[in-house]
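Hello,

Here is the structure I promised to pass on to you.

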Amino acid sequence: MTGRRSIEVAGFSHGGQPIPAASRVGDLIMTGGVYGLDPASGAIPDDVAEQTRLMFANLGRILEAGGSGFEGVVKMTVYVKVPEARAAVNQQWLAAFPDPASRPARHTFQNDHLPANMLVQCDATAVATE
């Protein structure tokens with residue numbers, strides 16, 4: 001097994017905390033909390049659909065930097081501040097995982113304590129595909 005390596009992507013951070021976007025050990029990739037941060041502006045938009053779109057886009061960039069992609073995701077956990085976020089999550093979920101015979105496991109929790117205007121956040125476990 002190879003050593004652990006931190007995975008970072010431009011335009012995404014954990015607000016100055018010493019936490020990488022993800023970590024890879026061997027073929028296993030685990031992300032930290034991934035959310036709808038706009039990499040161009042550095043802000044989180046107020047709209048839940050846009051936050052969710054950006055969350056999936058950031059997740060895709062993080063997975064790619066780690067040597068994987070959506071095809072390598074085994075499980076996602078999604079945290080929503082408001083129940084209405086589920087519709088936005090499902091829309092992006094179906095775009096990322098269109099084949100019903102090949103979708104990762106998912107667990108969605110309501111979390112009233114997501115910071116500031118953050119309405120949705122996820123983490124993912126994936127295997128490297130390259």
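Below is what turned up, starting with the overall layout.

This is a predicted model, in which local features need pLDDT of at least 70 and side-chain atom pairs count only at pLDDT 80 or more, while totals for chains, interfaces and linings use all residues. Residues are numbered from 1 along each chain as its sequence is written, and side-chain values use heavy atoms, with hydrogens and water left out.

The chain has two helices and seven strands (DSSP runs, numbered from the N terminus: helices are H or I with at least four residues, strands are E with at least two). Along the sequence they follow the pattern β-β-β-β-α-β-α-β-β.

Of the 130 residues, 42% count as buried, meaning under 20% relative accessible area with a 1.4 Å probe, protein chains only. The C-alpha trace spans about 40 × 40 × 25 Å along its principal axes.

Now to the inside. The largest nonpolar core holds 32 residues; such a core is a set of buried Ala, Val, Leu, Ile, Met, Phe, Trp, Tyr and Cys residues joined through side-chain atoms within 4.5 Å. Phe 12, Ile 62 and Met 76 touch the most other members. Helix 1 gives the most to this core, with six residues. Leaving aside neighbours within four places in sequence, Ile 62 is in contact (heavy atoms within 4.5 Å) with Ile 7, Val 9, Phe 12, Ala 21, Ala 22, Thr 31 and Val 34.

Best wishes

Technical notes
Buried < 20%, exposed > 50% of the residue type's maximum accessible area, 1.4 Å probe, protein only.
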